[in-house]
Amino acid sequence: MTIAMNRGALAEVVGPSEGLGLRAKQVALVVAGIALLTVAANIRVPMWPVPVTMQTFAVLTLGAAYGARLGLATLLGYLALGALGVTVFTGEGAGLAYMAGPTGGYLVGFAVAAGLVGWLAERGWSRSVGGMVAALLIGNAVVYAFGMPWMAYLFLADKGAAWVMQWGMTNFLLGDALKLVLAALLLPAAWKLVGKAR
C-alpha cells in the first residue's frame with residue numbers, strides 16, 4: 001500500500017486523472033513544457049568558464065515532474081518543432097541542419113534523459129532530495145552519453161580529444177552541478193506542497 005502511494009509522477013497526481021479532463025491536462029502540460037524548454041534554452045547565465053543556459057534544468061525537471069511518457073512526448077514535440085524550423089533551440093538556429101550540428105547528440109540525449117528521469121520519478125525517486133540527485137545525475141550522464149560521441153564524430157579528427165572533452169563536457173560541469181542542485185530541491189518541495197494541499 002505504501003509502495004503504491006509513493007509511485008507516480010507529480011503531473012499524475014495533480015488535476016484530472018481520467019477522461020477528457022486528463023487528455024486536456026496532458027495537452028496543456030505538453031504545450032507548457034515546450035514553452036518552458038524554449039524559454040530555458042535562451043536564458044544565458046554568465047558563468048566561468050562559459051555562460052550556461054537553463055536547458056538541461058528544464059529537460060530534467062520536466063521529465064521528473066511529468067513522468068516517462070509525458071516527458072518524452074514533450075521533448076519529442078519540442079524537437080519536432082525545432083526540426084520544422086521553429087526557433088525553439090538556443091540562439092536563432094533551427095531546422096534539420098542545426099540539429100545535425102554540434103548540439104545534435106545532446107538534443108537526442110535530452111529526449112532519452114527526460115524519459116528515463118520520468119521513469120525513475122514514477123518509481124518515487126523525485127520525492128526526496130537524495131533520490132532526485134541520483135535521478136538527475138543519471139539523466140545528465142545520458143545527455144553526455146549521446147552528445148559526446150556526436151561531438152567526437154564531428155570534431156575529433158580536426159581538433160583532438162582534449163578539445164572535444166573541454167567543449168563537449170568539461171566547460172559545462174560547474175553549471176550542470178548548480179542546475180542539478182536547484183532541480184533536486186525543487187521537485188521534493190513540490191511534492192510536499194501537493195501533500196499539504198490534499
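Me: What makes α4 and helix α7 (residues 104-122) a crossing pair?
Reply: Their axes come within 7 Å and cross at roughly 35°. Axes are lines fitted to C-alpha atoms, for helices over the stretch in contact, with angles from 0 to 180 degrees between N-to-C directions. Helices are DSSP runs (H or I, at least four residues), numbered from the N terminus. The model is predicted: local features need pLDDT of at least 70, side-chain atom pairs count only at pLDDT 80 or more, and totals for chains, interfaces and linings use all residues. Residues are numbered from 1 along each chain as its sequence is written, and side-chain values use heavy atoms, without hydrogens and water.

Me: Why is the crossing of α4 and α7 called right-handed?
Reply: A crossing is right-handed if the near helix is turned clockwise from the far one by less than a right angle, and left-handed if anticlockwise; α4 and α7 are assigned to the right-handed case.

Me: Which residues of α4 and α7 meet?
Reply: Q55, T56, V59, L60, G63 and A64 in α4 meet L107, F110, A113, A114, V117, G118 and A121 in α7, where contact means heavy atoms within 4.5 Å.

Me: How do α4 (residues 55-66) and α5 (residues 68-83) cross?
Reply: Their axes come within 6 Å and cross at roughly 145°, and the crossing is right-handed.

Methods
Helix = DSSP H or I, 4+ residues; strand = E, 2+ residues; numbered from the N terminus.
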